[in-house]
Amino acid sequence: MGAHSKGGTRSLAPAPAPVPDAGPDAGRPARAVAPRPGPAQRDRYFDTLRAVALVRVVTYHTFGWAWCGLVFPSMGIMFGLAGTLMARSLERPALTVLRSRLRRLLPPFWFWGFFVVLAMLLHGWMPGREIVYWIVPLGDPPGDAWGEQAWEILWYLRTYLWFVLLSPALLWLFRRAPVPVLLLSLAPVLVLNFLRSPPDGRLGSALWDLSTYLFCWILGFAHHDGVLQRIRPAAVVALSLAALGYGGWYAVAHQAESGTYDLDENPLAQAFWSAGFVTLLMWAKAHFRIDFARLTRLRRTDRLVTVFNARAVTIYLWHEIALVLAVPLIDRFWDVPAFERYLPLDSQWFLFGIGWILIAVFVLLCGWVEDVAARKRPRLLP
């Protein structure tokens, strides 16, 4: 997440000597020339959070640990960071920002979707009119059960796309009454959970996801506009801990309904836990001025964080395919006696490692699409 540096460097050069016979404009005051802003500096705190969030997503999809969401609610964090960036971007005309967001999101999605749809077609799947969602994912794109592990992650792109489209109106509303709108953004998930269930199908799924992460997205607005800094620290901490407590209690108390306390299976618990967790992260950054600037001294770690952020869409889209392909690849390792004897082929950690190797391959082979989408020169690694 970039943070524009303010101010400029005062010129120390001597003033030029007057030029004789300067013409009719001589004696007029010189027009001030605004200095060009320097290049945007990356916010390594937010960059690191996004990188850790992606690692946590891959970890969860490898091991399936229910406690992962409690330790680090990746989706809430990613929506919060995206909301901050969106608020900053909307300092420009809204239509320009929306076009830019769509241009950056859709080409990597289309590139990835071409291979997924082709594989399902070769496997015997035949789509109907809903295939239009593979062009613009305003609803969950259709697919067969065979390819479900690949396409089930698209709920995030669908929700992100809706938040982007709604952001001009949401930001306008938020700036009319920041704190009330922020607090009321938890109301939709309460209504859906206790008062009126949404319809089945794509509309219901979209409403659940939008209501679950609405607070985190608007919290990004609050961070960008400095609202969190203006609230008393004791109130922020108390409300955040209350949200965490309610979300954690609700997940545990209702685990009999879904058979687990996994936040991904409980939208209300996910909404409140993410709200409390992300609020503390963003408030701490603003209050203690955390920027992780020292990360740049650790060149390899800093480089890794840079790659994760520049290839975030690629990593997210291709990580499930990498994990799927890792299984038959490891099966081939059993045919090599040395591998069978010395490698932990039946370990989930070994699958995790092979998965990341394949993710790295996909980043090298497919990550350039993100550069093209951003109108940059395509590179293997940023």
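Which residues lie nearest the centre of the second largest pocket? They are Glu152, Trp155, Asp209, Asp264 and Glu265.

## Basis

This is a predicted model, in which local features need pLDDT of at least 70 and side-chain atom pairs count only at pLDDT 80 or more, while totals for chains, interfaces and linings use all residues. Residues are numbered from 1 along each chain as its sequence is written, and side-chain values use heavy atoms, with hydrogens and water left out.

## The second largest pocket

The second largest pocket is lined by 28 residues. Its volume is about 780 Å³. A pocket is an open set of points on a 1 Å grid over the protein atoms alone, where a 1.4 Å probe fits, with protein on both sides within 12 Å along at least five of seven lines. Lining residues have an atom within 4 Å of a point. Points are joined across faces, edges and corners, and the volume is the space filled by probe spheres set on them.

Six residues of the lining come from helix 9, the largest share. The elements giving two or more residues are helix 1 (44–63), helix 3 (74–89), helix 5 (148–151), helix 6 (155–176), helix 9 (202–225) and helix 13 (267–288). Helices are DSSP runs (H or I, at least four residues), numbered from the N terminus. By class, the lining holds 13 nonpolar, 7 polar and 8 charged residues. Asp, Glu, Lys and Arg count as charged; Ala, Val, Leu, Ile, Met, Phe, Trp, Tyr, Cys and Pro as nonpolar; the others, Gly among them, as polar.

## Phenylalanine 215

Helix 9 also holds phenylalanine 215. This residue is buried, at 7% relative accessible area. Buried means under 20% (1.4 Å probe, protein chains only).

Beyond its neighbours within four places in sequence, phenylalanine 215 is in contact (heavy atoms within 4.5 Å) with Leu182, Ser185, Leu186, Ala275 and Thr279. Its C-alpha atom is 6.4 Å from that of leucine 182, 33 residues apart along the chain.

Helix 3 has 16 residues. Of these, 14 are buried, so the helix is largely enclosed by the rest of the structure.

Helix 14 (residues 299–310) has 12 residues and reaches 16 Å, close to the 16 Å expected. Its buried residues include Asp302, Val305 and Phe308.

## Cysteines

The structure holds 0 disulfides (pairs of cysteine sulfur atoms within 2.5 Å). Cysteine 68 is buried, at 3% relative accessible area. Cysteine 366 is buried too, at 8%.

Methods. Buried < 20%, exposed > 50% of the residue type's maximum accessible area, 1.4 Å probe, protein only. Expected span 1.5 Å × (residues − 1).
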